[in-house]
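This report covers a ligand site, a few helices and some individual residues. Keep the structure open while reading.

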Amino acid sequence: MTGRSPKLQRAYDLRSKEEAEAVYDDWAAEYDADMVGGMAYVAPANAANRLVDLAGDPGPVLDAGCGTGLVGAALAARSVAVIDGVDLSQGMLDQARARGVYRDLTKADLTQRLDIPDDTYAAAICVGTITDGHVGPEVFDELVRVVRPGGLVVATVAHVWESRKVGEHLDGLVAAGRIHLREADEWDSVNGENVRCRIPVLEVR
Ligand SMILES: C[S@@+](CC[C@H](N)C(=O)[O-])C[C@H]1O[C@@H](n2cnc3c(N)ncnc32)[C@H](O)[C@@H]1O
């Protein structure tokens, strides 16, 4: 990845969760202007629309790696009523809170077990967070655990589909009887940077 916006490149180059927390705390106030205004970041709208197109307002939705709340805003614009968010960065969570569309916002590390009981949510969505320098496909295991059977997990995966063996990981969840993989199509993600993503849609068994 060369020729990228320096701030986006800094995010892709993250090497630890401590570094991720510091970088996103520092970026939080300018993130929306940089990503949406500056780079035409469309992944939040694309993923939120895909979830609502498939499930309507499914009931409580967990936004994993919610950042400043672009996904929550897109879901709320489509009349999703109850949205909770988790993120590693308190600075990003503070921006999300200011939108007024989330019920609960919690600081949490998606690489660890979440402090959420099994089958809590009707759906989960994870946008811009399974990518270079961020989290790997293991996050799907936790999202599947906290979504009730019949619910959907929708995520964007940019850059790392092959390198992090995301397809193989999802195949393992299928083989274990934990999900049905409904689709994993390619979509636009960051138009100003020519970044595309896949949007896998998992139906929890
Ligand atoms: C590119 S932003 C995406 C935010 C939001 N979903 C969006 O699409 O605008 C990536 C987010 O992942 C969060 N993040 C990175 N590593 C994380 C981890 N281990 N646990 C929870 N959140 C993490 C960052 O703090 C940041 O808010």
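Contact here means heavy atoms within 4.5 Å. The model is predicted: local features need pLDDT of at least 70, side-chain atom pairs count only at pLDDT 80 or more, and totals for chains, interfaces and linings use all residues. Residues are numbered from 1 along each chain as its sequence is written, and side-chain values use heavy atoms, with hydrogens and water left out.

**Helix 3**

Helices (H or I, at least four residues) and strands (E, at least two) are DSSP runs, numbered from the N terminus. Helix 3 spans residues 43-55 and holds Asn 46. Arg 50 also has its place in helix 3. Buried means under 20% relative accessible area, exposed over 50%, and partly exposed in between (1.4 Å probe, protein chains only). Asn 46 counts as buried because its relative accessibility is 18%. Arg 50 is buried too, at 18%.

Which residues does Asn 46 contact, leaving aside neighbours within four places in sequence? They are Trp 187, Asp 188 and Ile 199. With residues up to four places away in sequence not counted, Arg 50 touches Glu 183, Trp 187 and Val 201. Arg 50 and Val 201 are 151 residues apart in sequence, yet their C-alpha atoms are 8.7 Å apart in space.

**The ligand site**

The ligand takes up the space of the largest pocket. On a 1 Å grid over the protein atoms alone, a pocket is an open set of points with protein on both sides within 12 Å along at least five of seven lines, where a 1.4 Å probe fits. A molecule sits in a pocket if more than half of its atoms lie within 2 Å of its grid points.

| Residue | Protein atom | Ligand atom | Distance |
|---|---|---|---|
| Tyr 31 | polar side-chain atom | oxygen | 2.8 Å |
| Tyr 41 | N or O atom in the side chain | oxygen | 2.6 Å |
| Leu 88 | polar backbone atom | nitrogen | 3.2 Å |

On its own the ligand has 590 Å² of accessible area, and the protein covers 96% of that. Such areas come from the Shrake-Rupley method with a 1.4 Å probe; for residues, only the protein chains shown count as cover.

**Helix 4 and its end**

Helix 4 covers residues 70-77, where Leu 70, Val 71, Gly 72, Ala 74 and Leu 75 are buried. These buried residues pack against several elements, including helix 2, helix 3 and strand 1 (61-64). Ser 79 follows helix 4. Ser 79 lies in the loop between helix 4 and strand 2. Its phi is positive, near 70°, in a residue other than glycine. Ser 79 is exposed, since its relative accessible area is 55%.

**Asp 84**

Asp 84 belongs to strand 2. Buried or exposed? Asp 84 counts as buried, at 4% relative accessibility. A polar atom of its side chain lies 3.1 Å from the backbone nitrogen of Asp 104. Beyond neighbours within four places in sequence, its contacts include Val 61, Asp 63 and Tyr 121.

How values were computed:
Polar contact = N/O pair within 3.5 Å; in protein donor to acceptor, adjacent residues only side chain to side chain. 1 Å grid on protein atoms, 1.4 Å probe; cavity = no way out; pocket = protein on both sides within 12 Å on 5 of 7 lines; lining within 4 Å.
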